[in-house]
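Welcome! Please keep the structure at hand as you read.

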Amino acid sequence: MHSENKIHRNLFPPVDSADESGLLALSLDIDTDYLQAAYRNGIFPWPVEEEYILWFSPPSRAILEFSDFHISRRAGREFRKRGFKLRINENFSAVIRECSFPRAPEDGTWITEKIIKAYSEFNQQGFALSFETLNPEGKLVGGLYGVLIGTYFSGESMFHRESAASKFALAGAVEYLGKQGLTWLDAQVISENLIQFGVKEIPRSEFIKKLRPAINN
């Protein structure tokens, strides 16, 4: 265990050495050792095309405190109308593949083949999982995947093929993770879409303080 923790500490420089954008390091490769070291130290990857992996620890971090989480009444009605069902970690490969497809008006995707391979292996090791939205016919129509270490969860990406399907997966994730003892999740970078759910930004130093006890649980 001691040697494993040493690897987790030493693969990356200290997070406070990141530049103003949060860029900390660059690598050609990504694997489960990189992922372990990154998430245990408040770092996440962002590929540039297929060749390079950029590693970030931004000065402000987006998080969702479960006590702040909310879904609109309209979305709740849509959930009931569509008859969605939640499945957990039954089809990780399909979820990450769906998340990798470009979304209009974007032409590309950050979920490259390198990313899919690394996170799929992380899933097999028990450190990544998916939340899957099925319609009444049992078809996968939405979902999200993320990294779970101890009582720390980092949401990576969501997708939907039917209206409100990704919101349903997020609501299911918050409920499931809450039952596992988690009280918040890492949303990494703030966006208007995330703000609607109660996501907020905190300084990196505060994020690291929340992260340390969570990953050691």
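Is Tyr-34 buried, partly exposed or exposed? Tyr-34 is partly exposed, with a relative accessible area of 23%; here buried means under 20% relative accessible area, exposed over 50%, and partly exposed in between, using a 1.4 Å probe and protein chains only.

A word on the background. This is a predicted model, in which local features need pLDDT of at least 70 and side-chain atom pairs count only at pLDDT 80 or more, while totals for chains, interfaces and linings use all residues. Residues are numbered from 1 along each chain as its sequence is written, and side-chain values use heavy atoms, with hydrogens and water left out.

**Aromatic pairs**

A search of the whole structure finds 15 aromatic pairs. Rings of Phe, Tyr and Trp (its six-membered ring) pair if their centres lie within 6.5 Å; planes under 30 degrees apart count as stacked, over 60 as edge-to-face and the rest as tilted. Two of the pairs are shown here.

| Pair | Centre to centre | Angle between planes | Class |
|---|---|---|---|
| Phe-12 and Tyr-34 | 6.1 Å | 65 degrees | edge-to-face |
| Tyr-152 and Trp-184 | 5.9 Å | 55 degrees | tilted |

Phe-12 sits in the loop between helix H1 (2-10) and strand S1 (23-27), and Tyr-34 in helix H2 (residues 32-40), so their pair ties together parts 22 residues apart in sequence. Helices (H or I, at least four residues) and strands (E, at least two) are DSSP runs, numbered from the N terminus. Phe-12 is buried at 8% relative accessible area. Ring pairs also link Phe-12 and Tyr-34 with Trp-55 into a cluster.

In the other pair, Tyr-152 belongs to strand S8 (residues 152-160) and Trp-184 to strand S9 (residues 184-188), so parts 32 residues apart in sequence are tied together. Tyr-152 is buried, with a relative accessible area of 0%, and Trp-184 is buried too, at 5%.

**Helix H2 meets helix H5**

The axes of H2 and helix H5 (residues 113-124) come within 9 Å and cross at roughly 75 degrees. Axes are lines fitted to C-alpha atoms, for helices over the stretch in contact, and angles run from 0 to 180 degrees between N-to-C directions. H2 is thus roughly perpendicular to H5, a label for angles of 65 to 115 degrees. In the contact (heavy atoms within 4.5 Å), Thr-32, Leu-35, Gln-36 and Tyr-39 of H2 meet Ala-118, Tyr-119, Glu-121 and Phe-122 of H5.

Key. Angles under 35 degrees count as roughly parallel, over 145 as roughly antiparallel, 65 to 115 as roughly perpendicular and the rest as oblique.
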